[in-house]
Every structure is written in C-alpha cells, then in structure tokens.
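This report concerns salt bridges in a protein model. The sequence and structure are shown first, and selected pairs are then described in turn.

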Amino acid sequence: MTGWVAIAGLGPGAEALVTPEVTATLADATDVVGYIPYVARVADRPGLTLHASDNRVEVDRARHALQMAAEGRRVVVVSSGDPGVFAMAAAVFEALEAGAPDWRDLDIRVLPGITAMLAAAARAGAPLGHDFCAINLSDNLKPWALIEKRLRLAAEADFAMAFYNPRSKARPEGFARVLKLLRAACGDDRPVIFARAVSTPEEKLTVVPLTEARPEMADMRTVVLVGSSLTRVLRAGDRPLVYTPRSAPE
Ligand SMILES: C[S@@+](CC[C@H](N)C(=O)[O-])C[C@H]1O[C@@H](n2cnc3c(N)ncnc32)[C@H](O)[C@@H]1O
C-alpha cells in the first residue's frame, strides 16, 4: 500500500507552535481530515482536499481517513494540541482495531504537538514542575461518577491537576461541582490558573486562589490548572509566576 495516515497535532493555536514535522507532512498530504475549526487552520492549496466534519463523528472520521489511505491517498488527521491527548489518535486506533484487516498494513504515524496544558503552564511559570495529572471534565464519553472519583483521588495524592473541557453550554453545572469538591479536598488557598485561548490573539490568563475561582471563569477554550499543596505564586512586577518546586519534603 502506498497510502499513509499521519495523525498530527497542530498545537494550541499559534503558527510558531506547529512543529516542523507537522508542517512538512501537511505539505506532502493529499487529504486533511478533522473537526471543522482545526481543518480551517490548514492552508488550502491545489492537490489538497480538506474534509471538515462535526466534532461528534470521531470514529467515522477515523474510518474515512483509513479507507482513503487504503485507496492510496496520503492523509493527515488533524487535532489541536497533541493528537494523543483527548483527541484523534486514540479514535484512529479504535477504528483500526475494529476495521478491515488490511488497514493494519498501512503506514500510520502519530506526530506530536504542544498540548494545551503545557502551553498554559509555560505562560504561567512552571505549575506542573512536580507530579501532575490531566483530567478531561467532559462526561460525554465517561460517567460523571468516574470524573469525581479521579478528582478525589488526585486531590488526596496531592497532584497538581490540569483540566481539559472544563465547561460548555451543554454542561454548565459540572465545573461548579468540581470547584466545590476541590475546596472540600484542598482548602481555599490552592492557586488556580484559568488559561484561555493560549497562544492566540484572544489569550487570557487569570490566576486566583481556589476560594475565588468561579465557574464562569472557564469555557471550552480554557484549560484549568490547579496547583498541589507545594505550588507557590511569586509576584514579578505585575505578573504572577506560579511554580511547583522540583522536590517534595519527606
Ligand atoms: C478536545 S480537547 C483537545 C485537547 C488537545 N488535543 C490538546 O492536546 O490540547 C479540547 C480542550 O483543550 C483545551 N484547549 C485546547 N486549545 C487550547 C488553548 N489554545 N488554550 C486553552 N485551552 C485549550 C480546552 O480545555 C479545550 O476544551
């Protein structure tokens, strides 16, 4: 088979944060597949077909990409950030596992990108400098009880935490419950970073203690970072610098 599939991360938004590997692979592609706003970030050119689809059809989109590659096309499946973080890489492998046996002979590569939590952490300082975890707060693909269990255990283990998909119009209540649970588990002073649209012209960074964190501070373009008990906020001029030291006491 001469076709291939590359599952590529476009980074958090800025062109400068797209890796050279992803740029080169897009230049060699015949087809780009992905969610509408991510495909819109790829420059159109002769010889390239853009296939933009709705967010709810991930596995259909993955099957379409594999089928086109089996027909000899050079296909890039695009995600924002990193494609392995709450994104298309796992969906492609789900489709591969359930799909035609000859799809497994295809050249399939995952091209990493800068995920939102790392772009946000870099803007804020180094809040993820010690152990941390990442949790997707959407209950579209898992039960809410599992989200709460993971939150409770992450707080008990004193991880810094990164929350993707914190709040949407369809799910306005969940994030308020998350903040309530965290206040009960972590106390009031824990630094919380609301990082919205990082690396785009709409970027906004807000750092508040947990007691001042409000559900409305997050939307679907926000990644939320919560410090561990060791995380500190330094003032440098008018800029808060948030960091978690490299070592934890005995
Ligand atoms: C479906 S997840 C995709 C994550 C993506 N694969 C990544 O690695 O960043 C979408 C969530 O990522 C976060 N996100 C993506 N881009 C962002 C950005 N530029 N600034 C802040 N958060 C972002 C938000 O929490 C958003 O709800």
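**Aspartate 28 and arginine 74**

Aspartate 28 and arginine 74 form a salt bridge, with 3.8 Å between their closest N and O atoms. This pair links distant parts of the chain, 46 residues apart: aspartate 28 is in the loop between helix H1 (20–27) and strand S2 (31–35), and arginine 74 is in strand S4 (residues 74–79). A salt bridge here is a side-chain nitrogen of Lys or Arg within 4 Å of a carboxyl oxygen of Asp or Glu. Helices (H or I, at least four residues) and strands (E, at least two) are DSSP runs, numbered from the N terminus.

Aspartate 28 is partly exposed at 39% relative accessibility, and arginine 74 is partly exposed at 30%. Buried means under 20% relative accessible area, exposed over 50%, and partly exposed in between (1.4 Å probe, protein chains only).

**Basis of the model**

The model is predicted; local features need pLDDT of at least 70, side-chain atom pairs count only at pLDDT 80 or more, and totals for chains, interfaces and linings use all residues. Residues are numbered from 1 along each chain as its sequence is written, and side-chain values use heavy atoms, leaving out hydrogens and water.

**Aspartate 158 and arginine 190**

A salt bridge also joins aspartate 158 to arginine 190, the closest N and O atoms being 3.8 Å apart. The two residues are 32 residues apart and link distant parts of the chain. Aspartate 158 is partly exposed, with a relative accessible area of 29%, whereas arginine 190 is buried at 11% relative accessibility.

**Whole structure**

Nine salt bridges are found in a search of the whole structure.
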